[in-house]
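Here are some friendly notes to read alongside the structure. Keep it open on your screen and look up each residue as you go.

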Amino acid sequence: AHCWLWVTNNTLRVGFDIMEEWGFPVKSVFTWIKLRMGLGNTLRSCTEHVLLGIRGKCPVKVKNQINFGIFTPKCEHSHKPEEFHEIIQRVSPGPYLEMFARRRPSSPEWDVWGNEIDSDIVIPGYPVPEYSGRAFMTDKPKEQEV
């Protein structure tokens, strides 16, 4: 199987750890270049990345896909480029599932699962999560302001 996982610049290490834990050794990284000034304390991030992990001997369909591209202007928060579904379909054999989807891909070959869209599938024992408004990116609890 193939697993494509979006990560930001400051979550790259976490993404690699998650992919390894799931049993998908990372084989490549794809970089999305955003045509805008991003956030950052040292360098201003104007890229996001997608880790490609492969479990087992699932082949890639093409071997000429470059690992950067999709130059896009600023979109709404967390909106990923629509063109990326085409890249996945070119590289990875189906079937295709986007988890935590916010919108339906233009290709009818995709199933979606998420709390911001009518999900196509039911995963027994894993209900669509409710959005909590909290981020869980740290092991340490945040200090409460008094």
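Which side chain meets that of Lys 34 in a salt bridge? Glu 48 is the partner, with N and O 2.5 Å apart. Please keep in mind throughout that this is a predicted model.

1. **The overall layout.** Let us begin with the whole chain. It has two helices and six strands, and from the N terminus on their order is β-α-β-β-β-α-β-β. Of the 146 residues in the chain, 29% are buried. The accessible surface comes to about 10800 Å², and carbon and sulfur atoms account for 55% of it. If you take the contacts between residues at least 6 apart in sequence, 54% of them join residues at least 24 apart.

2. **The pair from the opening question.** Now go back to Lys 34 and Glu 48, whose side chains meet in a salt bridge. Lys 34 belongs to strand β2 and Glu 48 to strand β3, so this pair ties together parts that are 14 residues apart in sequence. Are these two residues buried or exposed? Lys 34 has a relative accessibility of 12%, so it counts as buried. Glu 48 also counts as buried, because its relative accessibility is 9%. As a general point, side chains of opposite charge can pair when their charged atoms come close.

3. **The other salt bridges.** The structure holds three salt bridges. One of them joins the side chains of Glu 116 and Arg 102, at 3.9 Å from N to O. This pair links distant parts of the chain, with Glu 116 in the segment after β6 (110-113) and Arg 102 in the loop between β5 (96-99) and β6. Glu 116 counts as partly exposed at 44% relative accessibility, and Arg 102 counts as partly exposed at 34%. Another salt bridge is formed by Asp 120 and Arg 104, whose closest N and O atoms are 2.9 Å apart. Asp 120 sits in the segment after β6 and Arg 104 in the loop between β5 and β6, so the pair ties together parts that are 16 residues apart in sequence. Asp 120 is partly exposed at 36% relative accessibility, and Arg 104 is partly exposed at 41%.

4. Next, look inside. In soluble globular proteins, nonpolar side chains tend to be buried together. Here the largest nonpolar core has 13 residues, and those with the most contacts inside it are Trp 4, Phe 30, Ile 70, Phe 84, Ile 87 and Ile 88. Which elements give two or more residues to this core? They are β2 (26-34), β3 and α2 (83-91). Helix α2 gives the most, with four residues. Apart from this core lies another one of six residues, including Cys 3, Val 7, Phe 24 and Leu 51.

5. **A closer look at Trp 4.** Leaving aside residues up to four places away in sequence, Trp 4 touches Val 50, Leu 51, Leu 52, Phe 84, Ile 88, Val 91 and Ser 92.

6. **Trp 110 and its surroundings.** Trp 110 is placed in strand β6. Its relative accessible area is 6%, so Trp 110 is buried. Not counting residues up to four places away in sequence, its contacts are His 85, Ile 88, Gln 89, Tyr 96, Leu 97, Glu 98, Pro 105 and Asp 120. Trp 110 and Pro 95 are 15 residues apart in sequence, and their C-alpha atoms are 7.3 Å apart in space.

7. **Two polar contacts of Gln 89.** Which side chains join that of Gln 89 in polar contacts? One is that of Trp 110, with a polar contact of 2.7 Å. Another is that of Ser 107, with a polar contact of 3.2 Å. Ser 107 is in the loop between β5 and β6, and its relative accessible area of 16% means that Ser 107 is buried.

8. **A nonpolar patch outside.** Finally, turn to the surface. Leu 35, Ile 66, Phe 68 and Phe 71 form a nonpolar patch there, and together they have about 420 Å² of accessible area. Ile 66 is found in the loop between β3 (47-54) and β4 (68-72). With 48% relative accessibility, Ile 66 counts as partly exposed.

Key
Residues numbered from 1 in each chain as written. Predicted model: local features only at pLDDT ≥ 70, side-chain atom pairs only at ≥ 80, totals over all residues. Heavy atoms only, no water. Patch = residues over 30% accessible without salt bridge, like charges linked within 9 Å, V, L, I, M, F, W, Y side chains within 5 Å. Areas by Shrake-Rupley, 256 points an atom, 1.4 Å probe, with all protein chains shown as cover. Salt bridge = Lys/Arg side-chain N within 4 Å of Asp/Glu carboxyl O. Buried < 20%, exposed > 50% of the residue type's maximum accessible area, 1.4 Å probe, protein only. Core = buried A, V, L, I, M, F, W, Y, C linked by side-chain atoms within 4.5 Å. Contact = heavy atoms within 4.5 Å. Polar contact = N/O pair within 3.5 Å; in protein donor to acceptor, adjacent residues only side chain to side chain.
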